[in-house]
Amino acid sequence: EYIFKQYLNNILAHMQITQDTLFSRSRAQELVTGRNILYYLARNKMGVTEIQNYLKRSNYPISQSSILNGINSIKKLKHEDADYKHIINKLERVDI
């Protein structure tokens with residue numbers, strides 16, 4: 001959970017938004033991408049069910065298929081766009 005929160009905080013700081021904004025039901029591309037990056041980063045350290053349970057506790061219920069779709073979209077984006085690859089690598093840094 002600590003690492004998940006670190007990833008979340010990194011994304012919030014980078015996007016200059018609040019957690020409530022990121023986890024809103026908005027389908028704005030910027031927010032969807034932010035949420036998907038969070039799933040992608042968290043998946044490297046925890047299972048999809050753990051991610052889903054943490055988000056549910058944070059009042060953001062989401063299906064496992066949505067999490068997996070988000071992860072796959074970021075894998076593709078990271079492969080196709082060097083700028084996103086750089087940003088994602090930067091957001092992945094966590095102080096332990």
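This is a predicted model: local features need pLDDT of at least 70, side-chain atom pairs count only at pLDDT 80 or more; totals for chains, interfaces and linings use all residues.
Helices here (H or I, at least four residues) are DSSP runs, as strands (E, at least two) are, and they are numbered from the N terminus. Residues are numbered from 1 along each chain as its sequence is written, and side-chain values use heavy atoms, with hydrogens and water left out.

Asparagine 59 is another non-glycine residue with a positive phi, of about 70°. Asparagine 59 sits in the loop between α4 and α5 and counts as exposed, at 68% relative accessibility.

**An aromatic pair between loops**

The structure holds two aromatic pairs. A pair of aromatic rings is described by the distance of the centres and the angle of the planes. Rings of Phe, Tyr and Trp (its six-membered ring) pair if their centres lie within 6.5 Å; planes under 30 degrees apart count as stacked, over 60 as edge-to-face and the rest as tilted. For phenylalanine 23 and tyrosine 60, the ring centres are 5.2 Å apart and the planes stand at 25°, so this pair is stacked. Phenylalanine 23 belongs to the loop between α2 (19-22) and α3 (29-43), and tyrosine 60 to the loop between α4 (48-57) and α5 (64-80), so the pair ties together parts that are 37 residues apart in sequence. Phenylalanine 23 counts as buried, at 8% relative accessibility, and tyrosine 60 is buried too, with a relative accessible area of 6%.

**Serine 58 and glutamine 19**

Serine 58 is also in the loop between α4 and α5, where it counts as partly exposed at 22% relative accessibility. Its C-alpha atom is separated by 9.5 Å from that of glutamine 19, which is 39 residues away along the chain. Glutamine 19 is part of helix α2 and counts as partly exposed, at 31% relative accessibility. Setting aside neighbours within four places in sequence, glutamine 19 is in contact with Leu8, Leu12 and Ser58, where contact means heavy atoms within 4.5 Å.

**How the helices pack**

Axes are lines fitted to C-alpha atoms, for helices over the stretch in contact, and angles run from 0 to 180 degrees between N-to-C directions.

| Helix pair | Axis separation | Angle |
|---|---|---|
| α1 (residues 2-15) and α3 | 10 Å | about 150° |
| α3 and α4 | within 9 Å | roughly 130° |
| α5 and α6 (residues 82-91) | within 5 Å | roughly 120° |

Angles under 35 degrees count as roughly parallel, over 145 as roughly antiparallel, 65 to 115 as roughly perpendicular and the rest as oblique. On that scale α3 is oblique to α4, α5 and α6 are oblique to each other, and α1 and α3 are roughly antiparallel.

The crossing of α1 and α3 is right-handed; a crossing is left-handed if the near helix is turned anticlockwise from the far one by less than a right angle, and right-handed if clockwise. On the α1 side, Phe4, Tyr7, Leu8, Ile11 and Met15 meet a set of α3 residues including Gly34, Ile37 and Leu38. By class, this contact has ten nonpolar, one polar and one charged residues. Ala, Val, Leu, Ile, Met, Phe, Trp, Tyr, Cys and Pro count as nonpolar, Asp, Glu, Lys and Arg as charged, and the others, Gly among them, as polar.

The crossing of α3 and α4 is right-handed. Here Tyr39, Ala42 and Arg43 of α3 meet Val48, Ile51 and Leu55 of α4, a contact with five nonpolar, no polar and one charged residues.

In the contact of α5 with α6, Ile74, Leu77, Lys78 and Glu80 come from α5, and Ala82, Tyr84, Lys85, Ile88 and Asn89 from α6. These residues divide into five nonpolar, one polar and three charged.

Technical notes. Buried means under 20% relative accessible area, exposed over 50%, partly exposed in between (1.4 Å probe, protein chains only).
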